Amino acid sequence: MDELAEAAGITVRTLRFYRERKLIPPPRREGRIAWYNEHHLARLRTIGALLERGHTLGGIAELLTAFESGRDVAELLGLAGAAITVPWSEEQAVRLTPEDLADRFAGEVTPENLAAALDVGYLAVDGDEIVHVSRRLLDASTALVGSGIPLAAVLAAGRELRVHVDAIAETFTRLITTHVLADVIAHTADGATPTAAEVTRITETVERLRPTAKAVVDAEMSMAMDRRIRAELDAWLAEHRPEAGDPGEPGEASAAH
């Protein structure tokens, strides 16, 4: 217990308190010896990260209980049974053990990075496992870190990117609601309950326009990357291009002869 508390950066008294509150699972016992493992350490670091974000211990306990009992986050937030659910995102969550995460990001799984990943919404805790919200984002983060970019920088970029992507999503949402679903929006704005046909229409419209929105964003992103990289390359070449009269230029060397 002493070693676990030290590794988590907390006191033994705090660890005992967490055990009493059932915020961490019980240790494996062999006779009178209690064995803690990396799962317990990951749970303690998650609790610490959530506390730093302003969650109370009561709220953390409720979140962990909800995950462990299979309740959906929407249910926990009182949103279960909402009339309209539009499956715009195609992302698949990935379940990881703390060891899996450490293998992917060797030496980068620090309490600070875990807290940042929790804060941006990439990671959540489900029992003794860690859940990443998106396989594609996880694979991309792994590739970026494997290319030499620190995980902290990748997470900071993800937070910045989230702001820009939210703005893009707002643009497309405004287009759809203003020009495609205006009559449905007006109907519900008057206090009317959406009909089954209206809910179906909203769902089908969003589903139909999803590939179009993704294609536009992908095309604009590709062209923007081309412009940025070309500008950076041109600036680098201009900075390192030999000046006229530089003896290193072949033309100048032959003229000297």
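Where is the place of Ser134? Ser134 sits in the loop between E5 and H8, where helices (H or I, at least four residues) and strands (E, at least two) are DSSP runs numbered from the N terminus. Welcome to this predicted model, in which local features need pLDDT of at least 70, side-chain atom pairs count only at pLDDT 80 or more, and totals for chains, interfaces and linings use all residues. Residues are numbered from 1 along each chain as its sequence is written, and side-chain values use heavy atoms, with hydrogens and water left out.

- Ser134 is buried, with a relative accessible area of 1%; buried means under 20% relative accessible area, exposed over 50%, and partly exposed in between (1.4 Å probe, protein chains only).
- A polar atom of the Ser134 side chain lies 3.3 Å from the backbone nitrogen of Arg136 and 3.1 Å from the backbone nitrogen of Leu137.
- These are polar contacts, meaning pairs of N or O atoms within 3.5 Å; within protein, one must be able to donate a hydrogen and the other to accept it, and residues adjacent in sequence count only if both atoms are side-chain atoms.
- Leaving aside residues up to four places away in sequence, Ser134 touches Glu91, Gln92, Ala93 and Val94, where contact means heavy atoms within 4.5 Å.
- His132 lies in strand E5 and is buried, with a relative accessible area of 5%.
- The side chain of His132 reaches the backbone oxygen of Ser134 at 3.1 Å.
- Not counting residues up to four places away in sequence, His132 touches Ala93, Val94, Leu96, Tyr122, Leu123, Leu137 and Leu138.

**The nonpolar cores**

- A nonpolar core is a set of buried Ala, Val, Leu, Ile, Met, Phe, Trp, Tyr and Cys residues joined through side-chain atoms within 4.5 Å.
- The largest such core has 18 residues, and Leu101, Phe105, Leu123 and Leu151 touch the most other members.
- Strand E3 (94-96), helix H7 (111-120), helix H8 (135-146) and helix H9 (151-179) each give two or more residues to this core, and H7 supplies the largest share, five residues.
- Leu123 touches Leu101, Leu114, Ala117, Leu118, Ile130, Val131 and His132, not counting residues up to four places away in sequence.
- A second, separate core of 14 residues includes Ile24, Leu41, Leu44 and Ile47.

**The largest pocket**

- On a 1 Å grid over the protein atoms alone, a pocket is an open set of points with protein on both sides within 12 Å along at least five of seven lines, a cavity is a set where a 1.4 Å probe fits but cannot get out, and lining residues have an atom within 4 Å of a point.
- The largest pocket has a volume of about 2,100 Å³, a volume being the space filled by probe spheres set on the grid points, which are joined across faces, edges and corners.
- Its lining has 47 residues, of which Glu91, Arg136, Leu137, Leu161 and Val165 lie nearest the centre.
- H9 gives the most to this lining, with 14 residues.
- The lining of the largest pocket divides into 29 nonpolar, nine polar and nine charged residues; Ala, Val, Leu, Ile, Met, Phe, Trp, Tyr, Cys and Pro count as nonpolar, Asp, Glu, Lys and Arg as charged, and the others, Gly among them, as polar.

**The cavities**

- Among the 14 residues lining the largest cavity, Phe105, Ala117, Leu123, Leu151 and Leu155 lie nearest its centre.
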